[in-house]
There are 2 protein chains.
Amino acid sequence: MNRNSVIAAALSLTWSALAQGGPTPPAASAAPAPSLGEIVAAAPAGEWRAIPAGDLLVMDLAPDAKGKARRVVIQLIPAPFSQGWVANIRRLAAAHWWDGTSINRVQDNYVVQWGDANGEDKARAKALPPGLATVPQSAYDTRLPADLKNRWENNAMSNLRRAMATDQTSQTAVSAVPRDAYAIWTSLSAGWPVASDLRGAMWPVHCYGMVGVGRNLSPDTGSGAELYTVIGTPPRHLDRNIALVGRVIEGIDLLSSLPRGTGALGFYETTGERVPIVSVRLGNEVTGLPAYQYLSTESETFARYADARANRRDPFFIHPAGGADVCNIPVPVRRVPPAG
Amino acid sequence: MNRNSVIAAALSLTWSALAQGGPTPPAASAAPAPSLGEIVAAAPAGEWRAIPAGDLLVMDLAPDAKGKARRVVIQLIPAPFSQGWVANIRRLAAAHWWDGTSINRVQDNYVVQWGDANGEDKARAKALPPGLATVPQSAYDTRLPADLKNRWENNAMSNLRRAMATDQTSQTAVSAVPRDAYAIWTSLSAGWPVASDLRGAMWPVHCYGMVGVGRNLSPDTGSGAELYTVIGTPPRHLDRNIALVGRVIEGIDLLSSLPRGTGALGFYETTGERVPIVSVRLGNEVTGLPAYQYLSTESETFARYADARANRRDPFFIHPAGGADVCNIPVPVRRVPPAG
């Protein structure tokens with residue numbers, strides 16, 4: 001099954017959870033509904049997908065004030081997304097380029113950003129390794145598989161027509177279509193949150209913990225040397241305006257809890273506030289790194305999990321929402337449990 | 001103009017920004033589009049609304065490790081929302097009940113929570129002041145004004161029918177309706193982010209910085225003594241399941257940057273990790289407090305600001321989104337600038 005088929009297959013699974021409107025009634029059984037954690041914990045081993053070590057970026061910060069080690073693990077996004085920048089990032093990591101750079105910006109409810117603190121000053125900027133590509137703006141999105149577009153159109157229009165034929169209220173009609181403020185279609189597909197305009201383009205979206213490429217004004221697209229991660233409300237207005245190259249799978253709390261910068265845009269105003277980056281390495285260069293897996297977004301367990309996030313039935317809830325934002329269904333990631 | 005009229009009036013202003021689909025094309029003018037900050041800064045004084053000091057809750061934490069003062073300012077939500085809990089909170093503040101309590105929970109990408117660390121232990125819990133109301137679950141939402149419902153139905157259905165009559169693609173039809181995963185209708189109305197099912201209910205929503213009331217399992221609704229604020233992806237699944245009583249208007253960064261708790265649900269595991277609360281007072285009991293204002297959500301400037309958030313035209317952007325989530329249009333709040 002090629003990548004496009006995987007993405008298309010994902011649609012039918014997430015469709016029911018995300019797009020079909022009203023909450024699913026609680027089961028008649030007397031047992032309380034399982035929690036999200038219980039649903040994920042019950043996934044059979046075969047529904048977990050390995051994340052290759054070579055797709056990880058391991059960032060070690062200087063120890064904290066109490067001497068505690070700080071490691072952030074990032075999963076690079078796979079094809080078909082952003083591969084020009086991802087190739088640059090692999091080259092920067094192989095050159096150990098980030099060693100000795102720093103976290104320079106922490107803006108509340110927005111982003112943490114790292115790279116060369118002097119990058120904007122040509123006289124003092126750290127030289128980039130040779131061979132980095134200049135990636136065009138057209139690579140902010142990718143081609144939408146035609147079968148996915150056709151299936152969506154058929155589903156959405158038949159739902160909409162049926163709703164309008166049987167119930168003359170916008171209430172029902174609106175419930176019949178997926179609802180996202182930024183894109184006509186969103187999904188968790190092949191392990192990642194994605195969106196589409198259904199006119200031919202598909203792109204990854206800015207959820208909490210996603211990692212993107214800082215850039216200057218268009219047509220600059222950034223090299224990948226300057227990176228940021230999201231630490232607040234999903235800044236979805238950045239979708240298709242900046243390249244997304246991965247997501248933090250471990251250690252996001254080490255970044256999100258840093259003191260906010262007091263300069264414009266949350267930049268630290270003094271050298272002393274910056275957090276030193278000791279090293280950044282591709283995962284296959286790091287000894288003793290745990291193996292990581294994500295829950296297949298095409299699995300039955302993921303479908304149950306997405307449905308439960310959209311229709312919370314655990315005892316705490318009294319009004320299941322009947323839907324969930326694509327960024328409020330984080331893809332479960334785990335360290336591979338010890339055998340036996 | 002009564003409160004319901006204010007909310008109804010808000011609809012026509014935010015409708016165009018939030019619901020009408022495709023991005024507005026950039027103006028033909030050569031001048032760059034103003035930034036969000038420039039749009040808000042240009043608001044005439046008459047578009048700002050005073051926040052009464054009696055509607056503020058001022059929480060002073062113990063100074064940080066460097067001895068720096070830490071103050072968090074919360075605006076309590078006005079009628080018609082959550083007034084049973086708000087009355088309890090006023091009573092708790094008047095009794096100085098929170099003095100000597102602490103911040104006990106910091107869960108990454110979710111909430112910061114404070115109150116009595118021993119509240120769950122009947123033998124050690126701090127006694128609540130007399131006279132607190134037990135608020136029913138029915139108060140999680142309020143009545144939707146009928147004129148608003150009618151206007152929305154007419155707008156949405158005529159948009160939808162026109163779209164389907166003129167263009168037989170779901171692309172256009174879906175663009176014709178507002179899109180939110182959790183509610184049929186959302187808006188910024190009378191200063192607050194709200195949602196409705198259009199069946200008769202309207203409620204405030206869980207955006208970054210909103211303050212809610214911790215509770216035990218249903219039918220408990222919480223007294224207001226245990227409070228939390230949102231520090232990540234809007235947990236909209238909590239809407240109508242927990243009372244929202246206000247929002248942090250200053251100092252959210254002091255909470256969002258706290259170390260994450262390592263216990264279950266992000267609770268701090270040791271007393272030493274908790275952040276002491278020195279005092280919580282209503283604003284009219286605090287000397288020297290600045291005066292605060294919010295930008296009227298019914299003003300022309302707010303309409304321009306909401307439209308600009310949905311259609312970013314500043315030079316950085318190449319793909320305006322054509323929409324914005326209700327939680328990605330934070331209501332501007334400021335300290336009243338000095339006269340002259």
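Tutor: What follows is a set of questions and answers on a predicted model.

Student: Which strands stand at the edges of the open sheet of four strands in chain A?

Tutor: The open sheet in chain A has the strand order 6-9-8-7, and its pairing is antiparallel. Each edge strand has a single partner strand, so one side of each is left without a neighbour in the sheet. The strands in that position are strand 6 (142-143) and strand 7 (185-189) of chain A.

Student: Within that sheet, which residue of strand 9 stands opposite A:Ala195?

Tutor: Strand 8 (residues 192-196) of chain A pairs with strand 9 (residues 201-204) of chain A in the antiparallel sense, over three bridges. Strands of a sheet pair through backbone hydrogen bonds, either parallel or antiparallel. Standing opposite A:Ala195 in strand 9 of chain A is A:Trp203.

Student: Which residue is the bridge partner of B:Val194 in strand 9 of chain B?

Tutor: In chain B, strand 8 (residues 192-196) and strand 9 (residues 201-204) run antiparallel and are joined by three bridges. In strand 9 of chain B, the bridge partner of B:Val194 is B:Pro204.

Student: Is the disulfide of A:Cys207 and A:Cys327 left-handed or right-handed?

Tutor: The sulfur atoms of A:Cys207 and A:Cys327 are 2.1 Å apart, and a disulfide requires them to be within 2.5 Å. The torsion about the S-S bond of A:Cys207 and A:Cys327 is about -80 degrees, so the disulfide is left-handed.

Student: Are A:Cys207 and A:Cys327 buried or exposed?

Tutor: Buried means under 20% relative accessible area. The relative accessible area is 6% for A:Cys207 and 7% for A:Cys327. Because both values fall under 20%, A:Cys207 and A:Cys327 are buried.

Student: How many residues does the largest nonpolar core have?

Tutor: In soluble globular proteins, nonpolar side chains tend to be buried together. Among the residues with the most contacts inside the largest core are B:Leu57, B:Trp98 and B:Leu227, and B:Trp98 touches residues including B:Ile89, B:Trp114 and B:Val280. A second, separate core includes A:Ile74 and A:Tyr140. The number of residues in the largest nonpolar core is 88.

Note on methods: Residues are numbered from 1 along each chain as its sequence is written. Chains are lettered from A and ligands numbered from 1 in the order in which they are written. This is a predicted model: local features need pLDDT of at least 70, side-chain atom pairs count only at pLDDT 80 or more; totals for chains, interfaces and linings use all residues. Side-chain values use heavy atoms; hydrogens and water are left out. Two strands pair if DSSP finds at least two bridges between them. Helices (H or I, at least four residues) and strands (E, at least two) are DSSP runs, numbered from the N terminus. A nonpolar core is a set of buried Ala, Val, Leu, Ile, Met, Phe, Trp, Tyr and Cys residues joined through side-chain atoms within 4.5 Å. Buried means under 20% relative accessible area, exposed over 50%, partly exposed in between (1.4 Å probe, protein chains only). Contact means heavy atoms within 4.5 Å. Lists of a residue's contacts leave out its neighbours within four places in sequence.
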